[in-house]
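Good morning, and thank you for coming. Please look at the sequence and the structure while I speak.

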Amino acid sequence: MKPAVIVIGGTDSSGGAGLSRDIATLTELQCEARPVITAVTAQTDLAVHAVAPMPPDQVAQQLSSAFATGPVGAVKTGMLHSGETIVAVAEVLANAATVPLVIDPVLVSSSGTPLLDPDGIAAIRTRLLPLCTLVTPNLPEARILTGSETPEQQANALLDLGAAAVLVKGGHGDGEMSIDRLFQSNLPAAEFAAPRLNVSLRGTGCMLASAIAANLALGHPREQACSLAKDFVAHKLQQAATGA
């Protein structure tokens with residue numbers, strides 16, 4: 001039986017990111033996807049044209065129903081849109097504390113459109129981080145969430161807020177290699193590297209977090225789940241670069 005992964009996020013009418021990318025990733029990794037919609041977006045690869053949020057109580061009802069459907073191997077959050085939605089989601093997740101939770105803190109779209117209000121940023125810090133198994137910010141997201149400049153400072157701040165582990169993604173960095181760094185309390189940082197390719201592929205953050213959630217649901221420990229997910233995304237980028 002395939003393990004089930006709940007993915008909480010927004011739709012993407014272009015199919016490049018959000019729940020579309022989550023479901024495709026989970027399907028390829030032999031997991032069942034249970035989607036919970038937080039917002040419906042109208043967007044292309046170039047811009048977000050409109051966002052229609054779901055009422056927070058309806059998001060909570062979707063999430064409760066997804067849990068009630070059967071055993072859940074992991075949960076992954078993406079676009080949450082508002083502080084009210086995060087509070088509603090956190091109240092449901094607090095009753096499922098044994099299920100691994102991966103938080104992809106989606107703050108801004110690839111084209112620069114804000115996807116989370118200021119109350120939402122505060123709610124991630126106070127309501128979701130204490131529940132999570134792993135949070136996966138890129139460098140700009142980590143800076144916004146913590147106000148700190150270096151990955152070490154950012155990770156320590158997020159660990160202090162209650163996250164069990166932090167994967168600071170290096171895709172927005174410099175150098176020939178894209179290096180993601182996993183920070184866990186009382187353990188040395190682990191690094192996962194892949195060549196930085198001259199290719200653009202939307203939804204890689206969604207893909208990575210969903211792949212980590214899938215690997216956790218499949219029984220892999222956290223560090224191995226991150227390593228396997230990094231390799232999965234690197235392969236997809238290589239395919240995009242070669243047109244395969």
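In what follows, two residues are in contact when heavy atoms of theirs lie within 4.5 Å. Please also keep in mind that this is a predicted model.

Leaving aside residues up to four places away in sequence, Ser 210 touches Val 7, Asp 22, Thr 25, Leu 26 and Lys 76. Where is Ser 210 placed? Ser 210 belongs to helix α7. Is Ser 210 buried or exposed? A residue counts as buried under 20% relative accessible area, and Ser 210 has a relative accessible area of 0%, so Ser 210 is buried.

Helix α7 covers residues 204–217, which is 14 residues. From its first C-alpha to its last, α7 reaches 20 Å, close to the 20 Å expected at 1.5 Å a residue. How many of the residues of α7 are buried? The count is 13 of 14, and α7 is thus mostly covered. Just after α7 comes Gly 219, with a positive phi of about 100 degrees.

I turn now to the packing of helices, and to α5 in particular. Helix α5 spans residues 139–146, and helix α6 spans residues 151–160. The two pack at an angle of about 55 degrees, and their axes are 9 Å apart. The crossing of α5 and α6 is left-handed. Which residues meet there? From α5 they are Leu 139, Ala 142, Arg 143, Leu 145 and Thr 146, and from α6 they are Pro 151, Gln 154, Ala 157 and Leu 158. Sorted by class, the contact of α5 with α6 holds six nonpolar, two polar and one charged residues.

Helix α5 also packs with helix α4, which covers residues 118–128. Here the angle is about 85 degrees, and the axes are 10 Å apart. Angles of 65 to 115 degrees count as roughly perpendicular, and α4 and α5 are therefore roughly perpendicular to each other. On the α4 side, the contact is made by Ile 121, Ile 124 and Arg 125, and on the α5 side by Ile 144, Leu 145 and Thr 146. By class, the contact of α4 with α5 has four nonpolar, one polar and one charged residues.

As background, most residues other than glycine have a negative phi. Gln 30 has a positive phi, near 65 degrees, and lies in the loop between α1 (18–28) and β2 (32–43). With a relative accessible area of 46%, Gln 30 is partly exposed. Asn 186 also takes a positive phi, near 65 degrees. Asn 186 sits in the loop between β8 (177–184) and β9 (190–195). Asn 186 counts as exposed because its relative accessibility is 82%, and the cut-off for exposed is over 50%.

Ala 234 has a relative accessible area of 23% and is partly exposed. Along the chain, Ala 234 and Thr 204 are 30 residues apart, and their C-alpha atoms are separated by 9.4 Å.

Note on methods
Residues numbered from 1 in each chain as written. Predicted model: local features only at pLDDT ≥ 70, side-chain atom pairs only at ≥ 80, totals over all residues. Heavy atoms only, no water. Axes fitted to C-alpha atoms, helices over the stretch in contact; angles between N-to-C directions. Helix = DSSP H or I, 4+ residues; strand = E, 2+ residues; numbered from the N terminus. Left-handed = near helix turned anticlockwise from the far one by under 90°. Nonpolar A, V, L, I, M, F, W, Y, C, P; charged D, E, K, R; others polar. Expected span 1.5 Å × (residues − 1). Buried < 20%, exposed > 50% of the residue type's maximum accessible area, 1.4 Å probe, protein only. Parallel < 35°, antiparallel > 145°, perpendicular 65-115°, else oblique.
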